[in-house]
Amino acid sequence: MKFAVLISGNGSNLQALIDACKRGMIKSELALVISNNNKAFGLQRARNAGIKTMIFDPKKYTNRQSVDRDMIIHLKQEKIDFVILAGYMRMLTPFFIKEYRRRILNIHPALLPAFKGVSAIKDSLTYGAKVTGVTVHFVDEKMDHGPIILQDSFKVQENDTLKSLEARIHKLEHRLYPKAVALFEQGRLKIKGRKVHVLAQPVLKSS
Ligand code: GRF
């Protein structure tokens, strides 16, 4: 299978996925990296790994759906089977989600459904959460909402700062995301309503 990663910034999760592909932990081909932001450092990471990159600058389109329509055209051209969001700071439109339903994964730096949104690490710290963590989930039409694939957690320490918490969250993300992608490509994730069952054996698809 072939997959694309959508980014907007640093791309440390992208790097973890590139490394997991190199190690053979992920067998699918990371064929395309897309960004809405031409200054995203993740683009450089992709180029260093010899991965094709594309930029879809929202300013060049009249509305959100036309951006997504264009992206879908290119994803199909590249025969992309599934899409990984890794710090992509835009909501996908229902049009995009319909095209790749149950084939879009996202990572969120908190234990959903707590602390949705763009400042989850800061929000959990200022809220005084004693435990925090990372969630990998399927993407649906609502923000940070789809069925949960994997979660992992750790205790927030008394002396944790935003910086120290970010560092621990990212470390956990870089472990969890490749694991989730590997389970997905092996056909071991079965969605039933809101629940995702992780199967010991892959589901055999009848043709
Ligand atoms: C990560 O914390 C991820 O959970 C969130 O955005 C951040 C992206 O970081 N969705 P990076 O660009 O992968 O370094």
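**Close-up 1. Helix α6 gives the largest share of the lining of the largest pocket, 4 residues.** This is a predicted model, in which local features need pLDDT of at least 70, side-chain atom pairs count only at pLDDT 80 or more, and totals for chains, interfaces and linings use all residues. Residues are numbered from 1 along each chain as its sequence is written, and side-chain values use heavy atoms, with hydrogens and water left out. The largest pocket holds about 840 Å³ of space. Its lining has 37 residues, and G87, Y88, M89, I107 and P109 are the closest to the centre. Two or more lining residues come from each of α1 (12-23), β5 (104-108), α5 (120-127) and α6 (162-185). By class, the lining divides into 15 nonpolar, 14 polar and 8 charged residues.

Terms for this view: a pocket is an open set of points on a 1 Å grid over the protein atoms alone, where a 1.4 Å probe fits, with protein on both sides within 12 Å along at least five of seven lines; lining residues have an atom within 4 Å of a point. Points are joined across faces, edges and corners, and the volume is the space filled by probe spheres set on them. Helices (H or I, at least four residues) and strands (E, at least two) are DSSP runs, numbered from the N terminus. Ala, Val, Leu, Ile, Met, Phe, Trp, Tyr, Cys and Pro count as nonpolar, Asp, Glu, Lys and Arg as charged, and the others, Gly among them, as polar.

**Close-up 2. The buried residues of helix α5 are A120, I121 and S124.** Buried means under 20% relative accessible area, exposed over 50%, and partly exposed in between (1.4 Å probe, protein chains only). Why do they lie on the same side of α5? They cover an arc of only 105° around the axis, which puts them there. The arc is taken from the directions from the helix axis to the C-beta atoms. An α-helix has 3.6 residues a turn, so residues three or four places apart point the same way. The cover over these buried residues includes β5, β6 (131-138) and α6. Just after α5, G128 takes a positive phi of about 90°.

**Close-up 3. Strand β1 (residues 2-7) is largely enclosed by the rest of the structure, because 5 of its 6 residues are buried.** It pairs with strand β2 (residues 29-35) in the parallel sense over 6 bridges. Strands pair if DSSP finds at least two bridges between them. A4 has L32 of β2 as its bridge partner. I7 also belongs to β1. Its relative accessibility is 0%, so I7 counts as buried. Beyond its neighbours within four places in sequence, I7 is in contact (heavy atoms within 4.5 Å) with residues including L14, V33, A40, L43 and Y88. I7 and A40 are 33 residues apart in sequence, yet 7.6 Å apart in space, C-alpha to C-alpha.

**Close-up 4. L112 and P113 are joined by a cis peptide bond.** Omega is about 10°. P113 sits in the loop between β5 and α5.

**Close-up 5. K79 has a positive phi, near 55°, and is not a glycine.** K79 lies in the loop between α3 (64-77) and β4 (82-85). Is K79 buried or exposed? At 60% relative accessibility, K79 counts as exposed.

**Close-up 6. D144 takes a positive phi of about 50°, although it is not a glycine.** D144 is found in the loop between β6 and β7 (148-155). With a relative accessible area of 12%, D144 is buried.
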